[in-house]
Amino acid sequence: MTVFVGKASYHRPSEHGLTIQCVGSTGGRTVTLRAFFLAWIVLSMPMLIIGMAFLIVIQVL
């Protein structure tokens, strides 16, 4: 997997584009949406666990 952060002519001064490609023997294909959902799932799980722990602590008190 390769990650390319670039700047196109239509980006504002502080904006950059992100392209994530899966590289293999047959070339590369863009997997931005799949990578976004994977990151969203991976990052949301710890937050859900921490949130559940806080709820349990609050209910016990």
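This passage walks through the overall build of a predicted protein model, then zooms in on its helix.

Since the model is predicted, local features need a pLDDT of at least 70 and side-chain atom pairs count only at pLDDT 80 or more, while totals for chains, interfaces and linings use all residues. Residues are numbered from 1 along each chain as its sequence is written, and side-chain values use heavy atoms, leaving out hydrogens and water.

The protein chain holds 1 helix and 3 strands, where helices (H or I, at least four residues) and strands (E, at least two) are DSSP runs numbered from the N terminus. Read from that end, the order is β-β-β-α. Confidence is given by pLDDT, the predictor's score for each residue, from 0 to 100. The chain averages 77, with 59% of the residues scoring at least 70. Where pLDDT is low, the predicted coordinates should not be read in detail.

Of the 61 residues in the chain, 11% are buried; that label means under 20% relative accessible area, with exposed being over 50% and partly exposed in between (1.4 Å probe, protein chains only). The chain exposes about 5,600 Å², and carbon and sulfur atoms supply 72% of that. These areas come from the Shrake-Rupley method with a 1.4 Å probe, and for residues only the protein chains shown count as cover.

Now for helix H1, which spans residues 32-60. Ser44 sits in this helix and counts as buried because its relative accessible area is 15%. A polar atom of the Ser44 side chain lies 3.1 Å from the backbone oxygen of Ile41. Met45 also belongs to H1, but this residue is classed as partly exposed because its relative accessibility is 44%.

Ile41 and Met45 both turn up in a nonpolar surface patch, together with Leu33, Phe36, Phe37, Trp40 and Leu48. As a group, the patch has about 780 Å² of accessible area.

Definitions and conventions: Patch = residues over 30% accessible without salt bridge, like charges linked within 9 Å, V, L, I, M, F, W, Y side chains within 5 Å. Salt bridge = Lys/Arg side-chain N within 4 Å of Asp/Glu carboxyl O. Polar contact = N/O pair within 3.5 Å; in protein donor to acceptor, adjacent residues only side chain to side chain.
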